[in-house]
Amino acid sequence: MAVYLHDIPLPEALDRFNQALRQGGCDGLLGVEELPLDERLVGRVLAEPVWARLSSPHYHASAMDGFAVRAAATAEAMLNQPVTLICAASAGEKQAAYLDTGDPLPDWADAVIPIENVEPLDEAGLPAANPRRPQVIRIRASVTPWSNVRPMGEDIVATQLVLPAGHVLRPVDLGAAAACGHTHLRLARRPRVAILPTGSELVEIGQPVRPGDIIEFNSLVLAAQVNQWGGEAKRFPITPDRFEDIHRRVQEAAAEHDLVLLNAGSSAGSEDFSARVIASLGEVLVHGVAVRPGHPVILGMVRRSPTVSIPVIGVPGYPVSAALTGEIFVEPLLARWLGRPPQEPLTVEATLTRKVTSPAGDDDYMRVAVGRVGDKLLAAPLSRGAGVITSLVRADGIAILPRGSQGLPAGAPLTVRLYRHPAELERTIFAIGSHDMTLDLLAQFLAGRGRRLASANVGSQGGLVALRRGEAHLAGSHLLDPQTGEYNLSAIRQYLPGRAVKVVALVGRQQGLITARGNPKDIRSLQDLARPEVTFVNRQRGAGTRVLLDYQLSRLGIAPEAIRGYTQEEYTHLAVAAAVASGRADCGLGIAAAAQALDLDFIPLYDEHYELVIPDEIYHSELLAPLFEVLSEPAFRQAVAALPGYDVSRMGELVAEVS
């Protein structure tokens with residue numbers, strides 16, 4: 001059996017899978033169930049069409065509170081020549097009758113006059129004590145036949161099609177079904193899906209973790225996807241990496257479910273048993289699909305009985321791969337079994353903000369943040385690691401780079417399949433530049449004011465370049481000019497020549513060395529970085545922290561080559577702290593809040609200014625108005641001040657205007 005390294009194109013993989021489903025008799029509805037009509041049916045899929053048993057309304061009904069009349073009897077009524085109509089039967093032939101909204105129209109009537117358009121009178125010609133039970137009414141305008149009447153069948157006519165088979169029920173659909181006489185509906189049976197997490201390194205959610213332990217949450221994500229798509233998911237306990245245990249668990253799941261999702265163990269490592277288990281219980285159809293992330297996926301069939309087989313999907317263990325496997329393979333299968341069309345996300349055309357590469361032979365599913373800057377809708381690539389679940393959390397959509405493309409240049413057009421409504425994109429503030437932890441707080445406060453902050457951490461210089469190319473609304477920057485001691489101004493003149501911008505203070509903050517708790521290497525200053533036993537983790541080129549480090553090293557006469565780990569780069573302060581916390585480095589230059597977040601020590605060295613650089617035309621826009629409101633909000637200032645190493649005294653202040 002070939003391992004997954006022999007990937008096959010996605011269309012071919014789907015063809016093999018679909019053919020096996022057809023041969024196994026599991027390519028259509030799995031069953032039909034009749035359930036009472038109530039609110040719990042929202043989201044269910046109709047197995048059969050709903051035909052009207054009754055008309056709605058099933059009689060001629062008054063459309064409002066008023067008096068039923070013959071329209072012909074009102075023909076002579078005018079403002080200065082009113083017509084009087086008899087209401088009480090004792091006063092003669094009845095010519096008008098009061099009706100509440102929804103009451104049936106009397107056989108003799110063909111119109112309704114609203115109560116506010118009549119003068120109810122008693123037998124003496126005075127205003128009636130009870131305006132709904134007068135002797136006569138006086139009217140000063142005529143009405144046409146069927147005015148203010150809901151005729152029988154106005155909404156639904158008996159025998160007409162109300163809802164088609166394959167329709168996903170909404171609240172209003174339940175009302176329509178009830179209105180036309182139904183008490184029960186026949187629905188597609190929900191597919192039963194077993195989700196089997198495997199791996200000796202996995203621990204359940206909420207359990208203590210040690211180095212090497214991985215919290216098992218893929219089954220949670222997959223189960224939520226299945227339920228959202230109309231299935232009925234069951235999460236099984238974690239199964240250790242033992243062939244016999246996984247074999248037994250798959251047999252157990254196959255006996256009572258329509259689909260088995262076997263999570264992890266789909267690669268070709270020594271403890272990756274999924275393919276062997278599936279082969280022993282049935283047939284491996286595909287082991288490896290040319291998609292990234294997610295290429296180790298397995299498609300197969302396992303025997304439930306000598307004559308019945310059910311599909312099984314070996315889902316890769318990396319969380320992004322697992323979630324995308326659900327979108328690519330599971331959702332269309334559930335749609336088929338439910339009799340509805342596969343979901344089709346909204347798409348938009350956007351412009352790529354930076355060059356990306358992709359594997360030549362794979363369809364590359366790239367996560368992107370999307371926002372409008374000026375008249376351009378932009379797509380900024382997010383982290384592409386298969387293990388970075390937050391890249392899907394932050395993503396506004398997915399752009400597929402087709403196999404053979406090998407990537408796209410900056411400025412290229414691309415189609416984005418949206419995860420969000422397009423209206424949200426119009427309320428998005430694109431912040432590209434230096435990382436700071438206050439941006440996460442800012443995003444939370446802006447959410448309460450109808451704005452969404454999407455940030456990309458590319459360093460201060462990268463943020464200014466993004467502004468120059470019109471790819472961001474603002475850039476966070478803390479670039480020190482060694483000659484003047486000023487922050488940002490000389491860099492703005494260099495990277496944004498002739499561009500009018502405003503510089504707004506966000507925070508003052510401390511930069512220093514982040515070390516392990518207890519500072520076991522006794523690191524006290526930058527001079528200690530040159531000690532041969534000390535390892536360092538750096539920020540990327542163009543980051544303000546990197547510029548600060550290089551400036552201070554030059555002052556001290558320390559060559560970068562003398563520092564172990566100088567070329568080891570991270571893109572955020574938290575990533576530097578994580579490298580130290582994991583033991584990958586002894587120290588790194590960063591901010592105090594990042595050290596506190598991971599319970600590390602911090603040696604303060606320098607104070608600096610972190611500022612927002614905003615083009616003039618955007619500074620005055622309605623989009624950014626809530627941002628300035630937040631900067632002046634006491635609750636936000638207090639939340640930032642509570643973080644270590646921050647000074648909020650100048651927050652929101654206009655520092656400079658550069659043109």
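Mentor: Helices (H or I, at least four residues) and strands (E, at least two) are DSSP runs, numbered from the N terminus. This is a predicted model, where local features need pLDDT of at least 70, side-chain atom pairs count only at pLDDT 80 or more, and totals for chains, interfaces and linings use all residues. Residues are numbered from 1 along each chain as its sequence is written, and side-chain values use heavy atoms, with hydrogens and water left out.

Trainee: Which strands are the edge strands of the open sheet of three strands?

Mentor: Two strands pair if DSSP finds at least two bridges between them. The order is β6-β4-β7, with antiparallel pairing. Pairing on one side only marks the edge strands, β6 (96-99) and β7 (111-114).

Trainee: Why are α4 and α5 oblique to each other?

Mentor: Angles under 35 degrees count as roughly parallel, over 145 as roughly antiparallel, 65 to 115 as roughly perpendicular and the rest as oblique. Angles run from 0 to 180 degrees between N-to-C directions, and axes are lines fitted to C-alpha atoms, for helices over the stretch in contact. Helix α4 (residues 243-256) and helix α5 (residues 274-281) pack with their axes 10 Å apart, at an angle of about 50 degrees. The two helices are therefore oblique.
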